[in-house]
4 protein chains.
Amino acid sequence: MNEIHVAIWGATGMVGQRFVQLLAHHPWFRVVALGASDVSAGRPYAEACHWLLPTPMPAAVRDLIVQPIDKVPDCPLVFSALPSDVAGPVEETLAQAGTAICTNASAHRLDDDVPLLIPEVNAEHTALIDVQRQRRGGKGFIVASANCSATQLAVALKPLHETYEVRKVSVVTMQAVSGAGYPGVSALDILDNVLPLIPGEEDKLETEPQKLLGQLRNGEIENALFVISAQCNRVPVRDGHTECVSVQLERHATLDDVIAAWQGFATSPELAELPSSPPRPILVSDRDNRPQPLRDRDMERGMCVTVGRVRPCPILDFKFVVLGHNTLRGAAGGSIHNAELLVAQGWVR
Amino acid sequence: MNEIHVAIWGATGMVGQRFVQLLAHHPWFRVVALGASDVSAGRPYAEACHWLLPTPMPAAVRDLIVQPIDKVPDCPLVFSALPSDVAGPVEETLAQAGTAICTNASAHRLDDDVPLLIPEVNAEHTALIDVQRQRRGGKGFIVASANCSATQLAVALKPLHETYEVRKVSVVTMQAVSGAGYPGVSALDILDNVLPLIPGEEDKLETEPQKLLGQLRNGEIENALFVISAQCNRVPVRDGHTECVSVQLERHATLDDVIAAWQGFATSPELAELPSSPPRPILVSDRDNRPQPLRDRDMERGMCVTVGRVRPCPILDFKFVVLGHNTLRGAAGGSIHNAELLVAQGWVR
Amino acid sequence: MNEIHVAIWGATGMVGQRFVQLLAHHPWFRVVALGASDVSAGRPYAEACHWLLPTPMPAAVRDLIVQPIDKVPDCPLVFSALPSDVAGPVEETLAQAGTAICTNASAHRLDDDVPLLIPEVNAEHTALIDVQRQRRGGKGFIVASANCSATQLAVALKPLHETYEVRKVSVVTMQAVSGAGYPGVSALDILDNVLPLIPGEEDKLETEPQKLLGQLRNGEIENALFVISAQCNRVPVRDGHTECVSVQLERHATLDDVIAAWQGFATSPELAELPSSPPRPILVSDRDNRPQPLRDRDMERGMCVTVGRVRPCPILDFKFVVLGHNTLRGAAGGSIHNAELLVAQGWVR
Amino acid sequence: MNEIHVAIWGATGMVGQRFVQLLAHHPWFRVVALGASDVSAGRPYAEACHWLLPTPMPAAVRDLIVQPIDKVPDCPLVFSALPSDVAGPVEETLAQAGTAICTNASAHRLDDDVPLLIPEVNAEHTALIDVQRQRRGGKGFIVASANCSATQLAVALKPLHETYEVRKVSVVTMQAVSGAGYPGVSALDILDNVLPLIPGEEDKLETEPQKLLGQLRNGEIENALFVISAQCNRVPVRDGHTECVSVQLERHATLDDVIAAWQGFATSPELAELPSSPPRPILVSDRDNRPQPLRDRDMERGMCVTVGRVRPCPILDFKFVVLGHNTLRGAAGGSIHNAELLVAQGWVR
């Protein structure tokens, strides 16, 4: 395969930096352009970006001159980590200009003709791209990653829904501060504290999984019909969202059935070829005090979700804890994974 | 009223120290004896106790010689903060010897003839003391405080249950490290982490509120009939447990009804006389990102619970967040409050 | 004494909120005006201010309409918590207009004719006010509080300097996040981390103590002659700066002499009358693992400094640790204390 | 080279786990035995060990039966992470029995005939092994790693001492909780706090660097003659010790000289062959707010030290900050590095 040139739009923020880090040694993609807001544009990336990750800034991007985001970069694929208030129109413009966009922004996630994509969950939803092209014109297109909390929940629910059909989901999250970007959460708000509100998050978590687990029929996604009730909290954790979940299933399942469903959830041959695919998309923890963000977030290079503490729920059917890395699986890593699928399926070349 | 002499058993631990701190200037009670395990017994308290609270150790107790816990102290009332593995028999022995015990230990909480007491919730349950005396003989008796997580949940549910009858409760907790005592949680387990298991906690939280909100009939508590599903987590917070709750009510209530029930939940005249009674047992927060442990745990000197974020739940009826101070309202403060009620009702004099 | 009307300029920030909190029940001062930047001006304080302190916003200020800071409030005394970039000219204008300013900003701290005041350290420096009025005209004047790190160091050095003359001071600080204001330090920068730079802080800490401990002669401060070498760090602590100090003294002193100097450092009769004066300005900890920010910052309502771990230094003479509350003693509390001294001395009435 | 069989004594503790983790894929060494205290002995490692690291326990050790530490394992090399109170005699017994010990314990560090070894600092000190064998008999021997804080200080001082001769060192540390082992520091002692005392640490930091930078002459180490004054603190950081250092040098050096000395400090060809040698033993940070534990501890796989903020000191000559990973470079990684040197030099085969 030839190396595919890519750009990262919104490259100086927290998720943008993750894109830069993860793409530094990617076997398929080469970063040729970085875009950011006007304060950064025109300066070398090394100078424009307040680099926050614990690995050094990759040498290859240090001298790239940051471009304004209203420019159309000369490459077939753009990763977007743009802030939600500007992402919408910028991404549309890029798509019109013929670019494929793998976006982490929320602007187009629930658009009828935009795939909300997690390769292990709904790889077939990419067929919506044709609908999108027809409807919007243009040769480019937008494919969205889901919200970080919704992503790990959808992955955990996928094998249950497939076999037993999910009916109700009650979920309380304990989310890491990296999810709020940088500078994001003030130390004064979170040291020795819990914040019981993450604006907008509960809406996303209550609506995105149904599209993710929906069926594509006649060029439309029929959302899955389960109901989600979400409560989202911010806790003093750097990375990794922890979710306490209760589910009700349509068809009878035992505790062993549930565990077996997760353990049997294998990566398809199509996905196994993708560089970012985790060997095991779902790890089932056999220790009763796991998963924990500190100790499980980096499993499978941050691309799996870990479930544990599965037990009966006296109100719904089962309770469990699911954990995922919010800026890897739940953001930049997820979008790169999506892009890899698009390449494998021939949408990007 | 004459000053009542009291002892604190288990005085060197985390909750024991809270008893010492809170009783230092109590208008009714004077600490005359401190008891602890064999390693501490025989030494002055100032030397035996690794004092952890941010206020200085009260001068009055510094020179008290710590007594062995198998001794019966010469006073009518003992506060017990004994570890659960020794509390059971020690408290029985003390009761047999004629002492009133206000215990924070879990050993006797679910005993049929032991009041599990929160003055605002079930002051009338003290009538069980007569049953207990009859059944066990002895002039002393045991009155128990509930688990910290259960206490704040029961207080929040009380006005709802009274008017609308609670049917189902789903609760996920984010609990402070002080709940595990000292040394308790290792820094290596909790810095930048969440622990999704607190051994034994979910059982307590799923069973104690039904007794707390039960009805005393013919010398027996008929437990409230609602079902609780609990998931308990430890988070990097010093003090204050945060609980995300969903409830289903038997009778129809609007959001305004729920808020009105909490706001109308006043302290009874009987309780208003007690030194530890909070003027308002339940605070309803009007800010959408509250309650928070850091900013609400010390309201009403740590003796109220704060509720907030009340909103409809798409699965049960309503969702909300409730916060309480786990070592004040939820432990030492609660037991002292109980003792005050016992004095006011004439059980202790 | 009649109640003195006061204003707080910069009232919505972290230090401004501390002023509001501390003045809510002040026996001498009544807050009649609050000033802040243009985004806040014109709105009720309760709405303009993102209140961060763990006690409720005082009822008396909730409805005060925030004023623009270029207005001159109608009261004899203004507390300034203005950001340093605007404090300079605003404070000069107020002073020209006849107002007494007790400022926590750094703008005028090192001006020749502005007292840099800590009542326990240099109460006599207020005589500079006459020089200031002569030089600048106007009936008002500016009195400055020192930097928080410099304040607690100067208090600890004061009794040593008085008797043994300080020659060299090597100091490494571990400073709380509240010192950076709100939002200030990002959680992503400080959770599980230490920041080895606080811009501008080392300069202040290396230069202010010499003025604080200087002698007023002929209308001029002759700075103390000792040299300070400072290294300033930010640590994941909410409140309370910890400083590891080594000192060299001009005259011989034993370890016991040093301890005796601190223990004998009593509040003068003049200061004892001031509401904010701590009964003991310096606490000497007798436990070898103290002072600690968590457990000592609130001693004497946050107005004392605590020293401990005094021991010989193999390079200079003595090493010790000093701790103070950075937003109480080191900021708002210190400025209020200054204002009280000004009232007691007749400069404000 | 043939694979060398090794044992880890003290394998269940924090440092022991690091040994296990680091040796899992070591190109020269294969772990064949694990030893621990009586409570663990006889059980499979997977069961006896409360595994704390964020990578999974290596499969190869899960089923090894933990041995009692008074046994002599059948292998030429033992890594010791034994607690200091038992390490002394156990290590002597092993050495007498013919085993080479690379220990992280403090028991024998200052013994005249035991090399205190850091390959980049004093590789030639291994010649002491002959002295040790002569004096103690036996074919085995003990080689010690230095205290974690002393290690990173010694590495930073090495190039300065070589060229300019260090005279005085003032150092204040901010140390991570992992240095205290597990469970080690209680969350209640460190959340929102700094502990200004680490028992025994200042002694080690004030005495070990002189031996590390000493000269081997006639079978004896002549300690370097500089004086160290240390103040050691515990901060809420998981891994990585930060040290604020001031140094006085015997010979004149400019700031550029100091930086050049660090930057020119290359790994010798002998060391370059060792698997654990960092390509660059000292990184000089060019950003003014670095090094930081979070962002620099994992550089060079945790085996380098990072220096930054070099600037003149008004009391001694220069100030700087040095950071190292305390359980990698400063403990298990350092001992493995030492063992590799012993293999390369032919002491172990």
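# Sheet, domains and chain contacts in a predicted model

In chain A, strand β5 (residues 100-103) runs parallel to β6(A), the two being joined over four bridges, and within this pairing A:Ile101 faces A:Ile142 in β6(A). Helices (H or I, at least four residues) and strands (E, at least two) are DSSP runs numbered from the N terminus, and two strands are said to pair if DSSP finds at least two bridges between them. This is a predicted model, in which local features need pLDDT of at least 70, side-chain atom pairs count only at pLDDT 80 or more, and totals for chains, interfaces and linings use all residues. Residues are numbered from 1 along each chain as its sequence is written, while chains are lettered from A and ligands numbered from 1 in the order in which they are written.

## The sheet of chain A

The pairing of β5(A) with β6(A) belongs to an open sheet of six strands in chain A, ordered β3-β2-β1-β4-β5-β6 and paired in parallel. Because β3 and β6 (141-144) of chain A are at the edges and have a single partner strand each, one side of each has no neighbour in the sheet. The table lists pairings in this sheet.

| Strands | Sense | Bridges |
|---|---|---|
| β1 (residues 4-9) and β2 of chain A | parallel | six bridges |
| β2 and β3 (residues 67-68) of chain A | parallel | two bridges |
| β5 (residues 100-103) and β6 of chain A | parallel | four bridges |

Strand β2 (residues 29-36) of chain A is mostly covered, with six of its eight residues buried; a residue is buried if 20 or more other C-beta atoms, placed from the backbone, lie within 10 Å of its own, exposed if 12 or fewer do, and partly exposed in between. Together with β1(A) and helix α1 (residues 14-23) of chain A, β2(A) makes a right-handed β-α-β unit, where right-handed means that, with the strands pointing away from the viewer, the path from the first strand over the helix to the second runs clockwise.

In chain C, helix α1 (residues 14-23) is largely enclosed by the rest of the structure, because 10 of its 10 residues are buried. Among these buried residues are C:Met14, C:Arg18, C:Phe19 and C:Leu23, and the cover over the buried residues of α1(C) includes β1 (4-9), β2 (29-36) and α13 (328-344) of chain C. By contrast, B:Glu273, in the loop between α11 (269-272) and β12 (282-284) of chain B, counts as partly exposed because it has 13 C-beta neighbours inside 10 Å.

## Two domains

Chain A is divided into domain 1 (4-147 + 332-344) and domain 2 (148-325), with bounds that come from an automatic or database domain assignment. The centres of the two domains of chain A, taken over C-alpha atoms, are 24 Å apart. Where they meet, 31 residues of domain 1 of chain A are in contact with 32 residues of domain 2 of chain A, contact meaning that the C-beta atoms of two residues, placed from the backbone, lie within 7 Å. On the side of domain 1 of chain A that touches domain 2 of chain A, the elements giving two or more residues are α5 (119-122), α6 (128-136) and α13 (328-344) of chain A, and α13(A) gives the most, with seven residues. That side of domain 1 has 17 nonpolar, nine polar and five charged residues; here Ala, Val, Leu, Ile, Met, Phe, Trp, Tyr, Cys and Pro count as nonpolar, Asp, Glu, Lys and Arg as charged, and the others, Gly among them, as polar.

## Contacts between chains

The contact between chains A and B takes 33 residues from chain A and 34 residues from chain B. Elements that give two or more residues to the side of chain A that touches chain B include β7 (166-175), β10 (227-234) and β11 (241-249) of chain A, and by class that side has 18 nonpolar, nine polar and six charged residues.

Between chains D and A, six residues of chain D are in contact with six residues of chain A, and the side of chain D that touches chain A has three nonpolar, no polar and three charged residues. Chain D can be laid on chain A with an RMSD of 0.0 Å by a turn of 180 degrees and a shift of 0.0 Å along the axis, which is the relation of a two-fold axis. The C-alpha of chain D nearest that axis belongs to D:Asp192, 3.5 Å from it.

Terms used: Copies are superposed by least squares on the C-alpha atoms of residues with pLDDT of at least 70 in both.
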